[in-house]
Amino acid sequence: MSDIHQNINLPAGSIEKQTTTLNLGPTHPATHGVFQNIIELDGEKIVKADATVGYIHRAFEKIAERRPLYQITPLTDRLNYCSAPLNNMGWHLTCETLLGVKTPKRVDYLRIIVMELARIADHLICSSIMGVDAGAYTGFLYVMQYRELIYEIYEEICGSRLTTNMGRIGGFERDFNDTAFQKIEKFLREYPAVLKEFENLFTRNRIFMERTMGVGAISAERALNYGFTGPNLRAAGVDYDVRVTAPYSSYEEFDFDIPVGSTGDCYDRFQVRNGEMWQSLRIIEQAMQKLNNLKGEEATAYHADVPEYYLPKKKDVYTKMEALIWHFKIIMGEIDMPKGELYHSIEAGNGELGYYFISDGGRSPYRLHFRRPCFIYYQAFEELVKDGMLSDAILVMSSLNLIAGEMDA
Amino acid sequence: MAITNEIIQQKLTDKFGDQVSDFEVTFDTLSFNANKEINLKVLNFLQEDGLNFNFLTDLCGVHYPDRQGEELAVVYHLHNIKENIRVRFKVFTDITKPDVYTATGVFAAANWMERETFDFYGINFIGHPNLIRILNVDEMDYFPMRKEYPLEDQSRTDKDDEMFGRGGMLGFGTEKTVHGTIAEDEK
């Protein structure tokens, strides 16, 4: 052995008595975007990992300090871009809480439909990518057309697909058209069979089970200590769900279960996400039912009657001077917000997405902080992959559902 | 017995006396301020002693330039998941000596949140295992979320008004000016 190796502290039982440093990412296909993991390998076994977030800092929180409410909305869409409407609705719910705006029931149900669709889109991409990372490409291709269908529904609702910006304070920019409802019904009709098929591909698949069971496991106590929420926490056996503990947007009227795992490993996280997609379908069905049961004025209201915060209709803006002035006043934040300090959170696709908002009564927030679940999960990565194999690290990463946009603030 | 905001407030004042202050309930959440010397004691006390706040939801910094001697604040959001009650508390620190004890020993979740707060506000968390910048480049020598740094660099001339059809000057905005935009009569 040369002198150089005498100074290296080697783990007991090393074969070659030497470790390798490997930079996993940012250019590795499984570590898209900003993730860099400097991994210390003994053979294929990981002895140490050092996770870094790259420099994509977009200064959202700083920008938000100079912008009125409506101009912050496009920023929130870009946090978790796999489920942009969820972030969007969360932001508008926060604003409504601060401003004391009460939304009509129909808005709540429409929001729930959109939010649950976004949750399904988020989960199906995560679960299918997990299959890809384990070497199974078929499932990914199979469910992808239904993510496409969800995007089509968004397109019917607001005109855009990825970063939707569809909400307004008090409701929606426009009412859902008939095509949107038809497409939602089509989704409800066809997706269960697809999801069943997707589950059949994976859940009892020997290779997939061997690759994921017992990999990246975390106990309930550790998960809580690490600030895990959403499917990652529920996989460890804690049935914490913001939709139940702090219902928003009339979630308390809905009947759904919270799928929980027991071991907190990759397999449980996968299963919890699949279970949640079934529950989301249930919720959407109930919401459609409730929408049909609404009567009279309630059945048509797609926004609250708050002209001081809700933007005038585009048709009026283009033809009436007063509407144009109001539009301008609202967008430029000429109407002051009430003073206050609040923390509002929603159950986003991958956990509790929180908005901590300090208003000093001015036109833009004094301080706005986003609690981004992905940022909080990633710090546990080092612990989760330690003593595992290199190939497991990829699966741990995809099973945590890390979205690069949420790392940043 | 369910925990209420009044019980939490009572327990805290019994234990810490006037070291905790400014109790307030905003949007159903109890918030208060604590001395920065006892931030870990407060965290531990809230976690144990029957209060069972076992979840650190959020940790972030705030800059209040107007508060003499306590310009920087660290905000903790804790959650008792079982009883479903949240609490928020702030510790204030002097901007010239921004030292606060780290909460990483109590909550593993605090690790990166404190690094982020250090990165943005320069709050020095004493005892943090790896207090380096996380979102910004390491070479940065200032803390960008503080209020003294406005959003756009005022010295930049390529963002001069004349580039956007207001004013109008030769040289396409490359001239160095003292006050930013050149006034109409000086042109």
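User: Ala, Val, Leu, Ile, Met, Phe, Trp, Tyr, Cys and Pro count as nonpolar, Asp, Glu, Lys and Arg as charged, and the others, Gly among them, as polar. With that settled, how does the lining of the largest cavity divide?

Analyst: Heads-up: this is a predicted model, where local features need pLDDT of at least 70, side-chain atom pairs count only at pLDDT 80 or more, and totals for chains, interfaces and linings use all residues. Residues are numbered from 1 along each chain as its sequence is written, chains are lettered from A and ligands numbered from 1 in the order in which they are written, and side-chain values use heavy atoms, with hydrogens and water left out. A cavity is a set of points, on a 1 Å grid over the protein atoms alone, where a 1.4 Å probe fits but cannot get out, and lining residues have an atom within 4 Å of a point. Sorted by class, the lining of the largest cavity comes to 9 nonpolar, 1 polar and 2 charged residues.

User: What volume does the largest cavity have?

Analyst: The whole structure holds 2 cavities of 30 Å³ or more. Among the residues lining the largest one are Y70(A), E308(A) and R363(A). Taking volume as the space filled by probe spheres set on the grid points, which are joined across faces, edges and corners, the largest cavity has about 110 Å³.

User: Which element gives the most to the lining of the second largest cavity?

Analyst: That cavity, at about 40 Å³, is lined from both chains, with F370(A), R371(A), D58(B) and M113(B) among the residues. Helices (H or I, at least four residues) and strands (E, at least two) are DSSP runs numbered from the N terminus, and β8 and α14 of chain A plus β3 (55-63) and α3 (110-121) of chain B each supply at least two lining residues. With 3 residues, the top contributor is β8(A).

User: How much area is buried between chain A and chain B?

Analyst: Counting contact as heavy atoms within 4.5 Å, 41 residues of chain A touch 44 residues of chain B. Buried area is the accessible area (1.4 Å probe) that two parts lose on being put together, summed over both. Carbon and sulfur atoms give 60% of it here, and the total is about 3700 Å².

Conventions:
1 Å grid on protein atoms, 1.4 Å probe; cavity = no way out; pocket = protein on both sides within 12 Å on 5 of 7 lines; lining within 4 Å.
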